[in-house]
Amino acid sequence: MRGVFHPTMYVRKDLYLKVGFYDTSIKIAMDYDLLCRIKSYPHGFIDQPIAFFDNSGVSSMNYLKAVNEAYGIYRKYFGFHIMQNIWYMRLQTIHWLMKTKFGRWLYAIKVKLELESW
């Protein structure tokens, strides 16, 4: 999911009619829920930037809530998988680490090595 942002998705109306629209009872990860429902349908990929991610949105500002919602959605559609649990714990750990001086220092090194951009 990390590389798919809902502003960059083009979904045909007939697919929405088959699988349903966004579930508005989900507060943050409704785009992830839709992706889980359409994953088995044919899709394409455009290898060009078509939108810029704004990290001031609700999922960024409520990161742990977004991760928790996505985790629950994954389990709803695909059940329990050990690798998903490891990924979930990894995201939580990185989130807490980045709130420390040490985590921000590590991230600055990663940026200097051009492994990440601000």
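Reply: The account below takes the salt bridges in turn and then turns to a helix pair.

This is a predicted model, in which local features need pLDDT of at least 70, side-chain atom pairs count only at pLDDT 80 or more, and totals for chains, interfaces and linings use all residues. Residues are numbered from 1 along each chain as its sequence is written, and side-chain values use heavy atoms, with hydrogens and water left out.

There are two salt bridges in the structure, a salt bridge being a side-chain nitrogen of Lys or Arg within 4 Å of a carboxyl oxygen of Asp or Glu. One joins R12 to D14, with 3.0 Å between the closest N and O atoms. R12 is exposed, at 62% relative accessibility, while D14 is partly exposed at 33%; buried means under 20% relative accessible area, exposed over 50%, and partly exposed in between (1.4 Å probe, protein chains only).

The other links D33 and R37, at 2.9 Å from N to O. D33 is buried, at 1% relative accessibility, and R37 is buried as well, at 18%. Both residues belong to helix α2 (residues 30–38), four residues apart, about one turn of the helix. Helices here are DSSP runs (H or I, at least four residues), numbered from the N terminus.

D33 and R37 also take part in the contact (heavy atoms within 4.5 Å) of α2 with α4, where Y32, D33, C36 and R37 meet A70, I73, Y74, K76, Y77 and F78.

Definitions and conventions:
Helices (H or I, at least four residues) and strands (E, at least two) are DSSP runs, numbered from the N terminus.
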